[in-house]
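Let's take a quick tour of a protein model. Have the sequence and the 3D view ready, and we'll go through it topic by topic.

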Amino acid sequence: MTTLTSETQSFEPSLLGGLLSNDTFWPSQPQNTSETGLSESFIEALVMKTVLIGGTISGRAVSDRTGLTFRVIEPLLDVLRTRKLVSHVRPAAFNDYYYSLTEAGQKRSQDYMKQCSYVGPAPVPLQDYVLSVEAQAAGLDPIDRDQLREALADISYQDGLLDELGPAVNSNTGMFLFGPPGNGKTTIARCLTRVLGQEIWIPHAIIDDGNLIKLQDDAFHRPAPVPEASGNILKAQEWDRRWLRIGRPTVVVGGELVMENLEVRHDPRSNICEAPLQMKSNCGCLLIDDFGRQRIEPEELLNRWIVPLENNCDYLTLPTGKKIQIPFEQLIIFSTNLEPASLVDEAFLRRVPYKIFVDDPTPEEFIQLMTDVAKKLGFPNTPQAASHLLKFYGETNRNLRRCHPRDLLTQVANFCKYRKLPFAIRPEYLDQACRSYFSQL
């Protein structure tokens, strides 16, 4: 079960003390089996598989590994011991025991493993997950210009871009970032997640109709500390350990994206399902990088998302054939070097209402980028280096790109290291870097 905060429902004062003021969801600790939303048979199977993997393991260690409280685990272990499926090995601290499986328990656990090999934190019911997403969805609190400027503080951009990005982020719908390559579209998209707000809670896994879906993914979900309750350390520990607190996720996919990534993937050997990318990015940002260069046609990909973009919900099919509805609550960004109108039809463009052009840097911005990158790499201040490069761009009729100062000066730094030369930005070094980088004869 879960606890939501809103105008009509709030934490008990003893639990709320010390929490971040903008927390809108808190997974309260289940006090008994019924409050977990799981059947006793499922918990029994998970406990026995945990003991099978652990060998000899204490009851509290089983509690830690399953994410279920000791008051839920202890009576179940007593029942399993009465049924001669587990046995006491020796006493443990805090009125606990070390347990191991009996011969009958070994056989039963192996049978459970064949049915589903998942071992880890217990899943939460699908409905609890849906409630958590609705409570924590990005865009609940509109951002302002100062917040957006702070999120983009580490990158270079033209100031007018703020007034285009801000309304798009507040819409929590979708946007195209398009323009020439090398100007920071992907970097901007990653930074936008910072402005979406506080950390969120996600479950390690979800269960519905006997189908277990693994949601937590180390590739996208960065653990965040749980806020402590002021003056009461014990109360700070009271949350459902089946849930993990993370920073709002940024899920980035590029040319490797295929349709299978957008559906529930089932492994028939383990009988474990993997959540699709749109579930892993809920309450955060989903960036489709290099859009138009995937192995699937843009129309096929976009047709898959027309309904979710329109209704803020998606429909997935479980291995049993059951259809489930999940929230589609993330900032979805399509980053492309191509014109959006050349990729998709008008019907889809209407559902992605913001199309933001990321232009080349001005000469003044390029000079500032050169200065910043040179300082970061440890070069002495060399104002004439930017002028030398700008002359080269003019002579070769080449467009400026925001990535060029970083890439070219990195080549100069690598050359100095190789030749054991003092770090310096000399014209001949820049010329050599340009010949290598631009394939300039």
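Helix α7 (residues 126–136) is mostly covered, with eight of its 11 residues buried. Buried here means under 20% relative accessible area, with a 1.4 Å probe and protein chains only. Helices (H or I, at least four residues) and strands (E, at least two) are DSSP runs, numbered from the N terminus. Keep in mind that this is a predicted model: local features need pLDDT of at least 70, side-chain atom pairs count only at pLDDT 80 or more, and totals for chains, interfaces and linings use all residues. Residues are numbered from 1 along each chain as its sequence is written, and side-chain values use heavy atoms, leaving out hydrogens and water.

**The helix**
- Among the buried residues of α7 are L126, Y129, V130 and V133.

**The sheet**
- Five strands make an open sheet with mixed pairing, in the order β6-β9-β10-β14-β13.
- β6 (124–125) and β13 (265–267) stand at the edges with a single partner strand each, so one side of each has no neighbour in the sheet.
- β6 pairs with β9 (residues 205–208) in the parallel sense over two bridges; strands count as paired if DSSP finds at least two bridges between them.
- In that pair, P125 stands opposite I207 in β9.

**The largest nonpolar core**
- This core (buried Ala, Val, Leu, Ile, Met, Phe, Trp, Tyr and Cys residues joined through side-chain atoms within 4.5 Å) has 29 residues, and V47, L80 and Y118 touch the most other members.
- α3 gives the most to this core, with seven residues.

How values were computed:
Buried means under 20% relative accessible area, exposed over 50%, partly exposed in between (1.4 Å probe, protein chains only).
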